[in-house]
Amino acid sequence: TPEAREAAFDAAVAADERIEPRDWMPEAYRASLVRQMAQHAHSEIIGMQPEANWITRAPSLRRKAILMAKVQDEAGHGLYLYSATETLGASRDELLDKLHSGRQKYSSIFNYPTLTWADVGAIGWLVDGAAITNQVPLCRCSYGPYARAMVRICKEESFHQRQGYELLLALSKGTPEQHEMAQDAVNRWWWPSLMMFGPSDDESAHSAQSMAWKIKRHSNDELRQRFVDICVPQAETLGLTLPDPDLRWNEERGHHDFGAIDWDEFWNVVKGNGPCNEQRLTQRRRAHEEGAWVRDAAAAYAAKHGGAKA
Ligand code: FAQ
């Protein structure tokens, strides 16, 4: 009966078991997962653009090889996540179409420009750092394919974070000009990185339901606070300042207090009006069109050799 199916689903979630593609699940659970996972997948592939901007200008062969590997990893993360979303019955074509037509979102962070080489370091340290803080708990997400994709993604993100940190450290300890460039990058990426965690808990439309379903394990504000607490000592080691005059240790709370986030800026970027939204989507649509022959060739090859299986 429908009641028994729903009870079995609720019991599995309560017992911290994984929900698998063939299991019955409430339609709203499926829809919310598709929403979050698609947005996550889109973020990975759009997120290739800001850093790819620097591949041809990396200052050494070593830095170029590292950056290329990182950007390729991001394409891979997009593929794991699109595949995981397909297990919920959403085809990749449909998801990409929604991205290209602006009907599905991607992370606000990728709508900011990468103005200097130090931005590659700041993205690794702060953007990948924020991504890991958000994604480690997703390894325990109630939906099996998403949770398993996250395990591998988090391992790779951790390498990404370290390469950014090491790059910024080299610049910070370099010439005064290099130090200044590193500081400028941190000044520009700090606040947008805090916005990656989403709106504050009282404004977060999906948090309560997603936490009840154990899709999310912590609230947006909890993870944002965890990230701030992690970054403060790291910034000290880097010899760089976080651009927030209100940032200070609060003994009573056992956490750092920090200044107010500019939510108008956040919603403006989410709504499509950030500095690079148009550029990112235009570039993405063009890459998709230019890749049509690859998809056609792969489909033709599969039809010829795979027969009915394809
Ligand atoms: N940007 O009710 P909530 C990466 C939307 S890391 C844009 O709180 P939820 C790695 C939200 O979708 C970045 N939109 O939503 C990398 C919702 O709109 P909707 C990707 C945002 O889902 C590094 C509305 O606001 N990571 O790519 C943002 O409970 C370097 C209300 O918000 C993930 O996607 C935002 N920042 O919590 C790659 C992680 N925040 O859907 C390349 C998985 C919120 O109703 C280079 N996702 N919105 O139209 C999550 O954990 C969650 O979806 C949150 C949002 C925490 C992002």
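A salt bridge here is a side-chain nitrogen of Lys or Arg within 4 Å of a carboxyl oxygen of Asp or Glu. With that rule, a search of the whole structure turns up 17 salt bridges. Please keep in mind that this is a predicted model, in which local features need pLDDT of at least 70, side-chain atom pairs count only at pLDDT 80 or more, and totals for chains, interfaces and linings use all residues. Residues are numbered from 1 along each chain as its sequence is written, and side-chain values use heavy atoms, with hydrogens and water left out.

**Salt bridges across the chain**

- R148 and E20 meet through their side chains in a salt bridge of 2.8 Å, N to O. R148 lies in helix 7 (residues 144–172) and E20 in the loop between helix 1 (2–14) and helix 2 (27–46), so the pair ties together parts that are 128 residues apart in sequence. Helices are DSSP runs (H or I, at least four residues), numbered from the N terminus.
- R148 is partly exposed at 48% relative accessible area, and E20 is also partly exposed, at 24%. The classes are buried (under 20% relative accessible area), exposed (over 50%) and partly exposed in between, with a 1.4 Å probe and protein chains only.
- E166 forms a salt bridge with R63, and their closest N and O atoms are 2.8 Å apart. This pair links distant parts of the chain, with E166 in helix 7 and R63 in helix 4, 103 residues apart.
- What are the burial classes of the two partners? E166 is partly exposed, with a relative accessible area of 34%, whereas R63 is buried at 11%.
- The side chains of R63 and E166 are also joined by a polar contact of 2.8 Å. A polar contact is a pair of N or O atoms within 3.5 Å; within protein, one must be able to donate a hydrogen and the other to accept it, and residues adjacent in sequence count only if both atoms are side-chain atoms.

**Other charged groups**

- R253 is partly exposed at 41% relative accessible area, and D257 is partly exposed at 25%.
- E51, K70, E74 and D128 are linked in a network of salt bridges.

- V120 sits in helix 6 (residues 118–135). Its relative accessible area is 0%, so V120 counts as buried.
- The C-alpha atoms of V120 and L168 are separated by 8.6 Å, while the two residues are 48 apart along the chain.

**Backbone angles to check**

- D16 has a positive phi of about 60° although it is not a glycine. D16 belongs to the loop between helix 1 and helix 2 and is partly exposed, with 42% relative accessibility.
- K214 has a positive phi of about 60° as well, again without being a glycine. K214 is found in the loop between helix 9 and helix 10 (220–238).
- Is K214 buried or exposed? K214 is buried, because its relative accessible area is 18%.

Definitions and conventions. Helices (H or I, at least four residues) and strands (E, at least two) are DSSP runs, numbered from the N terminus.
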